[in-house]
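Let us walk through a protein model together, one step at a time. Keep the sequence and the 3D view open as you read.

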Amino acid sequence: MSSKIKSLKYNGKWDFSPSIETLENISIQKEYQLFINGKFQKPLSKKYFPSINPTNEQQLSRIAKADSKDVDLAVNSARAAFNGQWGKISGKERAKYIYRIARIIQEKSKELAIVETLDGGKPIRESRDIDIPLAAAHFFYYAGWADKLEYAFPNRFPKPLGVVGQIIPWNFPLMMAAWKIAPALATGNTVVLKPAESTSITALLLAEIIKEAELPPGVVNIITGDGSTGNLIVNHPDVNKIAFTGSTQVGKSIMQSISGTNKRSTMELGGKAANIIFEDATLDQAVEGVINGIYFNQGHVCCAGSRLFIQESVYDVVLRKLKDRMQSLVVGNPLDKNTDIGAVNSKQQLATIQKYIDVGVKEGADIFQLNCELPKSGYWCPPTLFTNVSQSHSIAKEEIFGPVLAVQTFRTTQEVINKANNTPYGLSAGVWTDKGSKAFNLASKLKAGVIWANTYNKFDPTSPFGGYKESGHGREGGLHGLSPYLNLE
Amino acid sequence: MSKRIKVLKTYKIFIDGKFPRTESGRYMQLKKDNKPIANVCLSSRKDIKNAVLSARNAFESWSSKSAYNRSQILYRIAEMMEGNKNQFIEELILQGLDSNKAILEIDQSIDRIIYFAGWPDKINPIFGSVNPVASSHFNFTILEPMGVVGIIAPEENSLLGLISSIIPVILSGNTCVTIVSEKLPLCAISLAEVISNSDVPNGVVNIITGNKDELAPHLAQHMDVNAIGINLDNKELKNQMFFQSSNNLKRVVDVSKYNIEDSNFESPYIVKKFMEAKTTWHPIEKDFTISNNY
Amino acid sequence: MILDLKTKVDKLGIEDRVTRITKRSLKSEAKLQGLKMILSMIDLTTLEGMDTNKSVEQLCYKATHLHQEFPDLPNVAAVCVYPNMVKTASNFLKDSKVKVASVATAFPSGNSSLEVKIQETKEAIFNGAEEIDMVISRGKFHSGEYNYVFDEIATIKETCGDKARLKVILETGELGDYDHVRLASEISIKAGADFIKTSTGKIKPAATLPITLVMLEAIKDHYYNTGKMVGMKPAGGISNSKLALQYLIMVKETLGNLWLDKHWFRFGASSMANDVLMQILKQKTGVYQSNNYFSKD
């Protein structure tokens, strides 16, 4: 390719006008309480903390902060419900409750999507088209298992564990709540769930839905709070299982806390996924998959394809296509239906991302960033990529959790397999080749819990998700997502 | 003031999402306590022919829908039935059931639909497999729907039996032509109405009323029907259908072996009976030195 | 030159990209700007067995008097007719900026000898055609005779010389899959096409968003390999402005600013023009329109 050929320009001639989602029918309460034993109740701690809209740094609401007395109350309610009504009703009736939740989520999907965007910063198009529908689908899917557990495990009569403590992150708030609550309920457990500090509101709207579905009191308790609240749940002696999605660092400390107890656990932690493009890939579609894998949801994705490996023979072409494609990405107000990349979730996260970008430059990699106008207030990061990255660079080793891609090259299959696996993480990986047998070869060799071949970031309630090594243990989704919530002995 | 005159219901058959009368123009009159309660279509072989055609046309798109989609549609049937409960109760009572039994039957029917609505996306995880063949191949077996299924629904349990005959068949993607209870056909037509309100595509379920002895053989002999589900007590007719089905090797399932009223009926095994297994091989490249994990 | 199925296209991937494009939301100024661009890119078309001089003249009148009440709106790009109607169209349009395009090469089937095709092209140009829309030989393509397909296009291009721009119709609905659409695009581009075009409009499916995206990507790769631009024309099946706007967004996000111009992008359509006018009026007045107020020529 001649370097004299001018790069194509994508902006400036015909640009999108704002297409902002209306907030007419949406109302966010000034203050939200804890949801315990089927009622919203004020925290015994008497403490609240603000929830900030990362788009404009304004306060959306005050959220209750649960302390040890509140956690006790929640766990006790869950225990009482488990020993009482929830433990006694048939799987069939459990199923009907869970189906109700799924249907009501579908009915309220617009409102939930908008609130998700306001609270977390992700584009309305993502909340509307991916987060909320998947949340409903998860409830619908697991509702169907509630009365079929005898078929799931040969020669076993599964029993629920009891009270499960669940702690979820801020990157897919409502969807993560669904991933946790649905299988727990289907298997007959009761729940104490703590949403992430910066994105509590949709979990509380879910609490309202659970109330509307007439779920018996205490079956699901949603208690908001910060890291300390999470610790209280983890350490509570009457919780039988901890399900945690979040950073590897916190996951390790939770495992330390529960060591020596009888608590079961599933951990869904960080990742540094390799996305591999072979020369025989369908290049344009591979590039789209790479873009999808690292830039959407602002890169706040544990399974993000944050390390791109390009086979050297197609390096120039792929890089050119990547940079061209980035020009059409819209960074801005997440309530705008055209926004591709919304606000970074919080000030802290933006600082972390910025730190890594600085490190990347200092380490000697070459930086390329989309040249776009960013709003004056709020937390923003344009899509960024680094080339000339070495396997030993921090930006190639550590999880950044932002829209930052590290690009490396490779020559042979064996080389890229070694490099892809050369990480303590093992959540996901992507392979792009038009040759089926090669795709299956890579799939069999890559040490990751989810392999995407010729696609990326696809999720489905029937498809098990989870990691190898320091990306965690246990699986969510599918038949495999049931056993973590059951006693199969 | 004179009493309001009720509008009497016309009972037609259900083919391709529409409610035609039988091509033959014939009818059979249902009586209760010697009083006529309904004129039901006495369908003919032509109606069977049309129904099979419609079911065949509907098969491709119904079986291509995602399992999730089919689940939602089945769940919607349950939602619609719950809303029309009273109509079913009235008809069951009209057909001779006492009101407690009628309520029990409709509740059981709705709950059974919800039970089966949860199966479409769970059959393959349980009965499908990835097979660890000795050669370097990715080898997997999945269960697929068979195609057009002819169904003879039971004489008794006119609603629960009908639901139990149809739902396990269509949930995997099959389409069906159902010959319903001859003595107690009213609920079948109400069910057709519910189905046509439920996002079920035209032709997936076709409901034919009439004389079983006359109609069943046409279904059993039809060369474009892939399988038959029979729920008959009449041994002679059943054997005749088995015999006739061998003309194109239809898979024949004798559903009358199962006790419909028992909750043990609710299992994936009845679903599996109306599915075929397909196994696919694809090579897995090996590198020179390292042996394959699978 | 070896012409073969080198560049493959992943069907699901292409369709995913298209889905994302269809979710773009155009409002107010951006929408109005888009609609005006579409208007300027339309090749108003009549290719009926029963075309007459008068019916062609009517179409030409419409082309030049589309919207007399709104003088700030652009004219359509061209009128497209059968070769035996070119003279009529050309006479009518001689004082306007609207170009005369002619189909040729035994449109729509392409099943004639090369001599006949060359002759037809020559006549059309002689009678005033400024653009030639030719069809590729799909039979030869499916037989694997790619060099034949290439040579035929190159010959017609030579016949056009510098008098007419050549649009090459792939008839994508007959090509089978996206890989073959990509191959046909590459063959046509390398053989000298000024434009590649999806369809004759005589069969279904005609133009679709994914097929057009495959062709746009072929054009883009050619640009980066050679520095040369080739135009794109989706034709048939684009019945309303909403869909047309999606095509335009696809062009914007794939090829960028340079192709957002009638010299490099056309719509093969006829009834769409009225819908575009209705939408423009709705944008300006805020009121939904009825097609009783727009002449159906």
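What is the order of the strands in the open sheet of 3 strands in chain A? The order is 1-5-4, with mixed pairing; strands here are DSSP runs of E with at least two residues, helices are runs of H or I with at least four residues, and both are numbered from the N terminus. Two strands pair if DSSP finds at least two bridges between them. Strand 1 (31-32) and strand 4 (47-53) of chain A are the edge strands, each pairing on one side only. Strand 1 runs in the parallel sense with strand 5 (residues 58-65) of chain A, over 2 bridges. Look for A:Tyr32, which stands opposite A:Ile63 in strand 5 of chain A.

Before going on, a word on what you are viewing. This is a predicted model, in which local features need pLDDT of at least 70, side-chain atom pairs count only at pLDDT 80 or more, and totals for chains, interfaces and linings use all residues. Residues are numbered from 1 along each chain as its sequence is written, while chains are lettered from A and ligands numbered from 1 in the order in which they are written.

Now zoom out to the whole of chain A, with its 15 helices and 20 strands. Its C-alpha trace spans about 75 × 55 × 35 Å along the principal axes.

Next, go inside. A nonpolar core is a set of buried Ala, Val, Leu, Ile, Met, Phe, Trp, Tyr and Cys residues joined through C-beta atoms within 7 Å. The largest one has 174 residues, and A:Ile98, A:Phe139 and B:Ile113 touch the most other members. Helix 6 (residues 173-186) of chain A gives the most to this core, with 11 residues. Apart from it lies another core, of 96 residues, including C:Ile42 and C:Leu213.

Finally, see how the chains meet. Residues are in contact if their C-beta atoms, placed from the backbone, lie within 7 Å. Of the 2 pairs of chains that touch, chains A and C have the most contacts. Chain B and chain C do not touch. Between chains A and B, 24 residues of chain A are in contact with 24 of chain B. Helix 15 of chain A gives the most to chain A's side, with 6 residues.

Technical notes: Buried ≥ 20, exposed ≤ 12 C-beta atoms within 10 Å, placed from the backbone.
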